[in-house]
Amino acid sequence: MRDLLKDLNEPQKKAVETTEGPVMVIAGAGSGKTNVLTRRVAYIIDSLAVPKDNILAITFTNKAANEMRERIGHLLEIRTHGMWISTFHAMCAKILREHIDYLGYSTNFQIIDDDDATQMIKIIMRDMDIDPRLIKPKKLKNHVLNVKRDPGLLEEYHEPMVTYLKQVYPQYQKRLKDNNLLDFDDLLLLTIQLLKEEKSVRAFYQQQFEYVMVDEFQDTNDIQYKLIRLLTGEKNNVFIVGDEDQSIYAFRGANIENLKKFQRDFKNVKRIVLEQNYRSTNTILKAANQVIKSNKNRIEKNLFSTKSEGEKIRFFKGMTERDEADYVVEKINELKAKGYDYSDFGVLYRANSTSRIFEETFMKRRIPYTIVGNTSFFKRKEIKDMVAYLRLILNVNDDYSFQRVINEPKRGIGRKTVETLRAFAASQDKSMFEAIGDETNPLSGRAINHLKAFRTMIERLIDQIWQTDFNTFLDDLLNATSYKEALKKDEKGDVRYENILELKTMLKESEKTYDTKDKRTLLTYVLEDISLKSQENDVSDEDSVTLMTMHAAKGLEFPVVFIVALEQGLFPLYRSLEDPQGLEEERRLMYVAVTRAQDYLFLTNAKQRYLFGEPTANRNSVFIKEMDQTLLKPEGYAIANKKKHKTYTKSRQTMMNKHRQSLKDYSDNDLNKGDKITHKTFGEGVVISVASEQCTVAFSQSHGIKTLMKDHPAIKKIDKE
DNA sequence: CACCGGTTTATTTTT
DNA sequence: TAAACCGGTG
């Protein structure tokens, strides 16, 4: 037997060894929970001789799942390939592939991502004559998905949203089903429905999953919670790990209350707390604790580090975002000289758009970098096009994919033709592809010829697809559809083609990975991977600096961390200040970001940066102020009262002059009741009341009364002349 | 129907 | 700023 408890501290050991009954582990940041989880799985297999397939382990990302799989394989020297270690969504997809026919869907369903869902909503809105200027498709999609997750919510909406939802939501569901498509929530909801309705299926999985483990429990939503309850049979061996301070996905429906609920719903929950932090220096940990302390309604934890005090946290303020990026480069070079590798650095930001300036600067200054998750590979147009072609070939009745590729590349089939075809197909209860062949369709000469040519082409591809390997087929497809030719005219065509080559590599890989002879099944798997792993952050093997959002950094650690653009409005975001809950979530995000750092932490921002194409000045983020200032070492413009910080003022003199006017315009509005202002989007308004940081403004007609941040860059005071 | 050019509009986070 | 969107022209 292996010593799977080696090097663990007492509570960690207890967490691994307590295998029976419901267990809840409260794991502070950096307390080694991933290790505990991995060892626990290994322990159950090795010491309790439980078959490896009888364990279900749910992780937050696919990446985490793969890592865990690998580590277990390594610990026990076993093959972990088929094990149930995955995200909720991947697990559900796997179950539904087997049993979804009970629910009237076909097992070769395809999965659509959020962008697809938005597109779908957009099309529905167009068909139903809902003006996209009144409600943005993306926003409506969010509401539709909210109602889908929790139908009771519909009651809480007001007009005109209720009407929109009542019109659009059923259509959305119908079209998904008609096209054999599932969105992310369907995966969960239909699995729940399946387990509820089909006793035999439920019994099967409850028996299968003797031990259930869920990581990042603080970020589960209500549906996922229900799923866990359904999957846990009489054995009741549920093990959850979480940390309320690290809950950062409320916007996606995550419910921190689930942690408390768990203790209520499951009887005799054993509770284990991991408080020893192995990751960060004491200075970093102290700063993190000070920040998170401002959140109300949390259970105080007593995290302690065994590391030394370490270096002070540097707080650098540059003149511009360019300065800020230059500073980061400078520090990277300095620490690199001291022996750190590029891969030891992480640059974290709140919003993806912040990455640009760092990308530019790094490129110019020759710092190798990897951006995680930005425009993910699978969201690229050319990849989505290829996927749509493949889906259409697998299922010609998939109208959604049909509409994506019918005129991509351009083949003379315009909106009007597509619309006529769609309407006709709907009236005949046929798919659009089928409707082309229906001689009674109302389409005339040229349009119908183009459509027929398209149909012939697809049919020919259907004949070909199983004859060769996927790579050859993809070449055929590129030629037959003239896609390759069109790329030549596209100025981004080269890059796009390279991406398609990458897709080919992926197809080739999967031909090896999945041990199935059935090519159809194989392709279905691959397409599923593409939908579910769209966020899969391909960690490059090269030694490079990592750039990513704080959300993406969850679960990771770096010896050196830069948290950048720490400005009020950017982080915390203005929008999150609207309610206290929002601010608390932002604060937890800050907590997550700070606790990623092992040795060095740098906080940076800029006096002035371009935002919405305009120079803007923001204050320091409140989160900096919430830290004990003695832990910080200010640099650049962060040095208090030192206006003549030579290197900066002098070299930036011109720029300052240039922007003096705009700075004056934007910073610190001195507003009083009765003042007139203009707002970038709401137009003119009158201030009706002023609080310390916020003001309430009455705008004209359609916008009504709004509460805004007093010095929001969008606000300008109108001077009385 | 495709293309052009001007205009508007958005920047939260992701399975 | 940059991408998406709209409307008019060929």
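In which loop is Pro-572 found? Pro-572 lies in the loop between β15 (558-563) and α24 (580-594), where helices (H or I, at least four residues) and strands (E, at least two) are DSSP runs numbered from the N terminus. The structure is a predicted model, in which local features need pLDDT of at least 70 and side-chain atom pairs count only at pLDDT 80 or more, while totals for chains, interfaces and linings use all residues. Residues are numbered from 1 along each chain as its sequence is written, chains are lettered from A and ligands numbered from 1 in the order in which they are written, and side-chain values use heavy atoms, with hydrogens and water left out.

Chain A contains 27 helices and 23 strands. Of its 721 residues, 53% are buried, that is, under 20% relative accessible area, whereas exposed means over 50% and partly exposed in between (1.4 Å probe, protein chains only). Among contacts (heavy atoms within 4.5 Å) between residues of chain A at least 6 apart in sequence, 74% join residues at least 24 apart.

Helix α7 (residues 161-178) comprises 18 residues and spans 25 Å from its first C-alpha to its last, close to the 26 Å expected at 1.5 Å a residue; the expected span is 1.5 Å times one less than the number of residues. Buried positions in α7 include Met-161, Leu-165, Val-168, Tyr-172 and Leu-176. The cover over the buried residues of α7 includes α5 (114-127), α6 (137-149) and α17 (415-428). Just after α7, Asn-180 adopts a positive phi of about 60 degrees.

Most residues other than glycine have a negative phi, and most peptide bonds are trans. The bond from Phe-571 to Pro-572 is cis, with omega near 0 degrees. The loop between β15 and α24 also holds Ala-565, whose phi is positive at about 55 degrees; Ala-565 is buried, with a relative accessible area of 5%. Asp-7, in the segment before α1 (10-17), likewise has a positive phi, of about 65 degrees, but counts as exposed at 67% relative accessibility. A cis peptide bond also joins Glu-408 and Pro-409, and Pro-409 is found in the loop between α16 (399-405) and α17.

Around DNA strand C are Lys-122, Arg-356, Phe-612 and Gly-613, a residue being near a strand if one of its heavy atoms lies within 4 Å of it. A phosphate oxygen of DNA strand C is 3.1 Å from an N or O atom in the side chain of Lys-122.

Terms used:
A polar contact is a pair of N or O atoms within 3.5 Å; within protein, one must be able to donate a hydrogen and the other to accept it, and residues adjacent in sequence count only if both atoms are side-chain atoms.
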